[in-house]
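I opened the model to look up two things and kept notes as I went.

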Amino acid sequence: MQIPANLAQTIVDSRAYAAGDPVDEAFRTIRAEMPLAVAEPEGMEPFWVVSRHADIMTVEKQPDIFHNGDKSTFLTLKEMEPMVRFITGGEPNLVRSLVSLDGQEHKDLRAVVFPSVTPKALRGLEDDIRKIAKTFVAEMLEKAPECDFATDVAFLYPLRVIMTVLGVPQEDEPFMLKLTQELFSSADPELNRDRKEVNPAEALDGLRRTMEDLEAYFGVMTEKFRANPTDQVNSLIANAKVNGEYLNRRQLMGYYIIAATAGHDTTSNTTAGAMWALAERPHLFEQLKADPGKVNAFVEESIRWVVPVKHFMRSATQDTEVSGQKIKAGDWMMLSYQSANRDEAVFDDPFDYRIDREPNRQIAFGYGAHVCLGQHLARMEMRILWEELFPHLKSIELAGTPQRTISNFVCGPKHVPIRFTLN
Amino acid sequence: MAEPFKRYRCTYCGQEYDEAEGWPEDGIAPGTRWEDVPDDWYCPTCGAEKADFEMVEIG
């Protein structure tokens, strides 16, 4: 079955994601009428749209059948593919990171950082993260009665946390934030490399220049950590060996980049989106103040609501079936977490923000072998921020219209103006 | 008659622990019952703790 052109166009349209509702409406129709069907938006290779929660789980549970890295791991235009392969020497993804790896290589590389991000390992970081949270809360309170919660708090706090975990000096944070935003927001003239409207080829060139800056920066870091190893994550990456060899240049750079960028941008988006939701729902804030124990449920619902990673792509390595639908070897597939987290078959009132979902089966971190490596860190740092902030606040409301980034991949609110009163 | 083996699933990533198979990579022998899995064992895929697994409904 073919998804009608207008719907297919909407679910890849960065501006539709920035608007929000058009994408949710398109996926609502797709889930109801063609939950696993082919989309062929203009300029793109056709792909299956996996819109249901259960089907995404089915696909993600079979990483040998559905590969991440044989084709582009995220939506891309057909005309981009040869350029990316040219730049990378034949690979379909500009960055060779965990999200684009398969099989033993994925397993080996994931194992490098995994022991540092288990809940058990993270418990040792709780005090340090709480100190960071207190710093940002204090700065926000000084701005009373108004701030842009996205740019003043949500972008900066997770950045400080992840840079501390990685071992990046504080003075380099603005540089890392800029490069991350360039990497994930190439379609947004406010945040992309050239700070203007660009065509796809210019966007790719901007990404390439951003990558060069990142590679130069991390090249120096590798030397530093090999000379003086620490227990910080970037040192683990710099010194990791697989079969007796250091990671190759593509693996090293991909690892640094995914850890540094995905390690904060997703949490920033979720944190900003959570505050937006709260500012529009005074009853929710009252509930949280009355029962601080609900903070974990609030965090989980924020993740379901914001869905900071809108999709990942897979491709089938063999002829197979998903929910009775035949999929051919080589077929490209869009796993829409945006859609799955609104799936009526899993969530009651999916378009309502509720902190009474028990359990909350949100699937924004993915599932199976590729489930987000930093998910427990993300939850912990958000919980700590709210624990530190809420006791100071009496009320919150929007002080303007929030705005989302123009992107169809990793994105969320970029401005959340709020007015707040203090206890 | 011995109780049939059960399976438990990590609520965070879907990783399953099958009592019949154990988890030999972590030194947990095949046939190890869930209650005998050490409390400090964690999900080999996502790191979630033993308490974050739920029993898989059979049938």
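I sort angles between axes as follows: under 35 degrees is roughly parallel, over 145 roughly antiparallel, 65 to 115 roughly perpendicular, and the rest oblique. Axes are lines fitted to C-alpha atoms, for helices over the stretch in contact, with angles from 0 to 180 degrees between N-to-C directions. Helices are DSSP runs of H or I with at least four residues, numbered from the N terminus.

The model is predicted, so local features need pLDDT of at least 70 and side-chain atom pairs pLDDT 80 or more, whereas totals for chains, interfaces and linings use all residues. Residues are numbered from 1 along each chain as its sequence is written, chains are lettered from A and ligands numbered from 1 in the order written, and side-chain values use heavy atoms without hydrogens and water.

Entry 1, helices of chain A.
I looked up α14(A) and helix α16 (residues 295–306) of chain A: their axes come within 9 Å and cross at roughly 100°. The two helices are therefore roughly perpendicular to each other. For contact I take heavy atoms within 4.5 Å. From α14(A) I listed N269(A), T270(A), G273(A), A274(A), A277(A) and L278(A), and from α16(A) F298(A), S302(A), I303(A), W305(A) and V306(A). By class I noted seven nonpolar, four polar and no charged residues. Ala, Val, Leu, Ile, Met, Phe, Trp, Tyr, Cys and Pro count as nonpolar, Asp, Glu, Lys and Arg as charged, and the others, Gly among them, as polar.

I then took helix α11 (residues 173–184) of chain A against helix α14 (residues 249–279) of chain A; the axes come within 10 Å and cross at roughly 85°. That makes α11(A) roughly perpendicular to α14(A). Residues in this contact include M176(A) and F184(A) of α11(A) and I257(A) and D265(A) of α14(A). I noted seven nonpolar, three polar and one charged.

Entry 2, chain A against chain B.
I found 15 residues of chain A in contact with 15 residues of chain B. The buried area (accessible area, 1.4 Å probe, lost by two parts on being put together, summed over both) is about 1,200 Å², with 50% from carbon and sulfur atoms. In chain A, F114(A), K120(A) and Y367(A) lose the most area to chain B, together 34% of what that side buries.

How many salt bridges are there between chain A and chain B? I noted two, counting a side-chain nitrogen of Lys or Arg within 4 Å of a carboxyl oxygen of Asp or Glu. E54(B) forms one with R361(A), with the closest N and O atoms 3.4 Å apart.
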